[in-house]
Amino acid sequence: MLDPIIKVENLTKKYGDFEAVKGLSFEVYPGEIFGLLGPNGAGKSTTLEIIETLREKTSGTVTVNGFDIEKDPAAVKKIIGVQLQTAGFYPGLNLIELLDLFAGLYNEEIDPMAILDSVNLRDKAKAKFKELSGGQKQRFSIATTLINKPILIFLDEPTTGLDPQARRNLWDLIRSIRDSGTTVVITTHYMDEAEILCDRVAIVDSGKLIAINTPDQLIDDLVAGGFEKPKEVKQANLEDVFIHLTGHALREA
Ligand code: ADP
Ligand code: MG
């Protein structure tokens, strides 16, 4: 197997007396879409932000592509893509101007139109962020993670609040980023999404790892343990009905 691109060992994080992350260990491999799943407050965002070098850990070790986040945060920052807080999307600037601004911060030469093309936002180049639909905003936010040509990006709940069409559109985008060679770490509360999109998932609860595997294997293990669904499973669900009736086309002007 390839060397892990992320190696988390015995990670803990305390906020005062409260331990939000309680000895997490897991590995992410190059080329994966890796899902970090868990109820609200499980410690997902804390864990991601520690790996991203944006938050300090309490104990444990984390390496990203072999670089220790504590000893070599600059080397880590250089190879990862992080979604910027939308608060940084100055209201007066259009998408090209925003990308140029961020590229300046990263000290990167970029072709803003090529980046907008990669997230299908070419026709919005002159629009301001606040004028975008929810799905477009998320696509732009993902575009900002790609500015420094990272080998690994982190997406924290990128599809929360999106309509079914926009959600599917983001899945395609995330897959295309993975297919171009960039490893993706994502959090989501939508289990259908994790099942379809993620190569492997880790389930955390109250700061502890509960399970880690491919979605398929986790489901097979549950069934092998005697689990049965209480209801008869239908051939489709309401989301299938919705997509069948309203189509896949994005609803955005
Ligand atoms: P998740 O992203 O899985 O919902 P978080 O990592 O945001 O979880 O939070 C994990 C726990 O840590 C929660 O109980 C949350 O309230 C707490 N927490 C997060 N950030 C802080 C902070 N800056 N100060 C104190 N507690 C925090
Ligand atoms: Mg969170």
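**A tour from the ligand to the sheet**

The shell around ligand 1 is made up of five nonpolar, five polar and two charged residues. In this count, Ala, Val, Leu, Ile, Met, Phe, Trp, Tyr, Cys and Pro are nonpolar, Asp, Glu, Lys and Arg are charged, and the others, Gly among them, are polar.

This is a predicted model, in which local features need pLDDT of at least 70 and side-chain atom pairs pLDDT 80 or more, while totals for chains, interfaces and linings use all residues. Residues are numbered from 1 along each chain as its sequence is written, chains are lettered from A and ligands numbered from 1 in the order in which they are written, and side-chain values use heavy atoms, without hydrogens and water.

**Stop 1: the ligand**

Select ligand 1 and the residues around it, which include Phe18, Pro39, Lys44, Thr46 and Arg55. A residue is near the ligand if one of its heavy atoms lies within 4 Å of it.

Next, look for polar contacts, pairs of N or O atoms within 3.5 Å. An oxygen atom of ligand 1 is 2.8 Å from a polar backbone atom of Gly41. At Ser45, a polar side-chain atom lies 2.9 Å from an oxygen atom of the ligand. Tyr15 has a side-chain N or O atom 3.4 Å from a nitrogen atom of ligand 1. On its own, ligand 1 has 560 Å² of accessible area, and the protein covers 61% of that; the areas come from the Shrake-Rupley method with a 1.4 Å probe.

Which elements give two or more residues to the shell? They are strand 2 (18-28) and helix 1 (44-51). Helix 1 gives the most, with three residues. Helices (H or I, at least four residues) and strands (E, at least two) are DSSP runs, numbered from the N terminus.

**Stop 2**

Now select the four strands of the open sheet, whose order is 2-1-4-5 with antiparallel pairing. Two strands pair if DSSP finds at least two bridges between them. Strand 2 and strand 5 (67-68) are the edges, each pairing on one side only.

Strand 1 (residues 6-15) is joined to strand 2 by eight bridges. Ile6 stands opposite Val28, and Lys14 has Glu19 as its bridge partner. In the hairpin of these strands, with two residues between them, Gly16 takes a positive phi near 65°.

Strand 1 also pairs with strand 4 over five antiparallel bridges. Here Glu9 stands opposite Thr61.

How values were computed
A polar contact is a pair of N or O atoms within 3.5 Å; within protein, one must be able to donate a hydrogen and the other to accept it, and residues adjacent in sequence count only if both atoms are side-chain atoms.
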